[in-house]
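Hi everyone, thanks for making time for this one. Let me put the sequence and the structure up on the screen, and then we can walk through them together.

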Amino acid sequence: MADGAGRWGRRTVLRRAGLLAGGALVGAGVTTQSTWIADRRLPLAGGPASATVGGDAQQVGDGEVSVVWGARTGQRLVALTFDDGPRPQWTPMVLDTLERYAVPATFFLVGQRVRQHADLLRGRLGRHEVGNHSWAHHDLARHDADEVHDDLSRAHDAIAEAVGVAPRLLRPPYGHLGGAVLHAAARLDYRLVLWSFQMAEARFPDDPAGHARRVVAGVRPGMILLAHDVGDARRLVALRGLPDMITGLRGRGFTFVTVSELLRQAGAPQPGG
């Protein structure tokens, strides 16, 4: 009787394990179904995943696009970049700090915000460069090539009109790449710029000095640093720590340059060149 009870106990365990496994598979199916529903506008042919458009000749400028995360160089160069601006809350503070320390930076601007706050930038970008960060900060990896091209063209025109210089660099929102983004970037003769080191404000609440020490210790030659001059209050940790970060990196022998200058000094081919 005890043996029978043991056998049934094992069967019960196995049956329950099977039910759990089946439930996991069903759960996975639900997750997959949810993902499919969320990505129902992501067909391979002609959609965001496709880097070609139709069957005719591809209108892609010089026919190539490069993607960079940083530069290979033995020189102690670092490029500081800011995304998502301009906004009145923080952009002037960032520009004031960079001016005080004579640090050049690259600003990846949102076209809609440039149109609204162009006055924040006029006369203040002499040492800096600008890049395109889309029109309204939507995820371009979910749009087809024509939609991405229209979005980036609109932002391009707004930035060029506001600052007097046409952007030649593109950083897609969230760093999301898709075939349509590549196609539009090639068509507009952009270089795609991501990053190799990112601010980590959430790890250092109310500790700008600690955050600055992390950046200073982590930077390597040729890195592109990602920061933001727009966002919630916790990001102020990085911005308030900018003076310590700048002096700390200079103390390690680093020179701040724009992204384009970093790539030029590292010998990378330039867009449109």
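This is a predicted model: local features need pLDDT of at least 70, side-chain atom pairs count only at pLDDT 80 or more; totals for chains, interfaces and linings use all residues.

I picked His-137 as it has a positive phi of about 60° although it is not a glycine. With a relative accessibility of 15%, His-137 counts as buried, because the cut-off for that is under 20%.

Ala-102 also has a positive phi, of about 55°, and is not a glycine either. You will find Ala-102 in the loop between α2 and β3. This residue is partly exposed, at 40% relative accessible area. One more backbone detail for those of you who check omegas: the peptide bond from Gly-85 to Pro-86 is cis, with omega near 0°. Pro-86 sits in the loop between β2 and α2.

Now let's zoom out. The chain has 9 helices and 9 strands, and 45% of its 273 residues are buried. If you take contacts between residues at least 6 apart in sequence, 76% of them join residues at least 24 apart.

Strand β2 is the element I'd like you to keep your eye on. How many of its residues are buried? It is 7 of the 7, so β2 is largely enclosed by the rest of the structure. Leu-77, Ala-79, Thr-81 and Asp-83 point one way from the strand, while Val-78, Leu-80 and Phe-82 point the other way.

In it, Thr-81 stands opposite Thr-106. To get from β2 to β3 the chain crosses through α2, and this β-α-β crossover is right-handed.

Next, the aromatics. A search of the whole structure finds 1 aromatic pair. The ring centres of Phe-82 and Phe-107 are 5.3 Å apart and the planes are at 20°, so the pair is stacked. Phe-82 lies in β2 and Phe-107 in β3, so the pair ties together parts that are 25 residues apart in sequence. Both of these residues are buried.

That brings us to the core. The largest nonpolar core has 36 residues, and Leu-80, Phe-82, Phe-107, Leu-225 and Met-245 are those with the most contacts inside it. Elements that each supply at least two residues include β2, β3, α4 and β8, and the largest share, 4 residues, comes from α8. Leu-80 touches, among others, Leu-98, Val-103, Met-199, Leu-225, Met-245 and Phe-256.

Last stop, helix α6, residues 208-218. Its buried residues include Gly-210, His-211, Val-215 and Val-216. What do the buried residues of α6 pack against? They pack against β7, β8, α7 and α8.

How values were computed
Residues are numbered from 1 along each chain as its sequence is written. Side-chain values use heavy atoms; hydrogens and water are left out. Buried means under 20% relative accessible area, exposed over 50%, partly exposed in between (1.4 Å probe, protein chains only). Contact means heavy atoms within 4.5 Å. A nonpolar core is a set of buried Ala, Val, Leu, Ile, Met, Phe, Trp, Tyr and Cys residues joined through side-chain atoms within 4.5 Å. Rings of Phe, Tyr and Trp (its six-membered ring) pair if their centres lie within 6.5 Å; planes under 30 degrees apart count as stacked, over 60 as edge-to-face and the rest as tilted. Two strands pair if DSSP finds at least two bridges between them. A crossover is right-handed if, with the strands pointing away from the viewer, the path from the first strand over the helix to the second runs clockwise. Lists of a residue's contacts leave out its neighbours within four places in sequence.
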